[in-house]
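Thanks for asking me to look this one over. My notes are below, as numbered points to read alongside the structure.

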Amino acid sequence: MDKIFNLGKYIFPLSFLLYVGLHLGKPDVGAAFVPDFLPFPYFWNYFTGGCILLFIASAVSGKYDKLAYGLMALYVLLMAVWVHLPRALGHEIGTEKMTLDLAREMELEMVNFFRNIMIAG
């Protein structure tokens with residue numbers, strides 16, 4: 001059982017490589033999620049991609065891994081509260097033109113909100 005837990009110590013942080021690929025490979029997508037009250041969305045997109053990459057390196061190498069996990073949990077909670085919850089409630093996605101696609105997007109944002117809360121916990 002300890003071998004499985006030790007393996008999870010490496011698999012969990014490596015799963016965040018998908019987010020690094022999204023931030024660096026498709027910056028328009030990542031910048032679209034930056035809240036309106038923050039200036040320079042592309043800066044924040046690349047900055048968070050770099051921070052996630054540093055988290056992965058720290059967690060895999062074992063150097064400052066507790067700090068890295070704590071900061072990643074804080075980041076995920078902030079994403080849930082600042083990004084996914086407002087979008088799930090209809091802010092920043094234009095509910096004045098509500099269509100089936102926007103309603104679906106709001107549902108998916110609520111799923112993202114709960115997923116972030118679950119990961120951070």
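1. Let's start with Phe37, which sits in the loop that runs between helix H3 (27-32) and helix H4 (41-61). Its relative accessible area is 53%, and exposed means over 50%, so Phe37 counts as exposed. Please keep in mind that this is a predicted model.

2. The loop between H3 and H4 also holds Phe40. With a relative accessible area of 61%, Phe40 is exposed. Its backbone deserves a look too: phi of Phe40 is near 55°, a positive value in a residue other than glycine. For context, most residues other than glycine have a negative phi.

3. Now move along to the loop between H4 and helix H5 (65-88), where you will find Tyr64. Here again phi is positive in a residue that is not glycine, with a value near 55° for Tyr64. The side chain is worth checking as well: Tyr64 has 67% relative accessibility and counts as exposed.

4. Which residues form the nonpolar patch on the surface? Phe37 and Tyr64 are among them, together with Leu67, Leu71, Leu74, Leu78, Val81 and Trp82. The accessible area of the patch comes to about 860 Å².

5. A word on confidence. The protein chain averages a pLDDT of 82, and 90% of the residues score at least 70. Among the elements of the chain, H4 has the highest mean pLDDT (93), while helix H6 (residues 100-120) has the lowest (73).

Definitions and conventions. Residues numbered from 1 in each chain as written. Predicted model: local features only at pLDDT ≥ 70, side-chain atom pairs only at ≥ 80, totals over all residues. Heavy atoms only, no water. Patch = residues over 30% accessible without salt bridge, like charges linked within 9 Å, V, L, I, M, F, W, Y side chains within 5 Å. Areas by Shrake-Rupley, 256 points an atom, 1.4 Å probe, with all protein chains shown as cover. Salt bridge = Lys/Arg side-chain N within 4 Å of Asp/Glu carboxyl O. Helix = DSSP H or I, 4+ residues; strand = E, 2+ residues; numbered from the N terminus. Buried < 20%, exposed > 50% of the residue type's maximum accessible area, 1.4 Å probe, protein only. pLDDT = per-residue confidence, 0-100.
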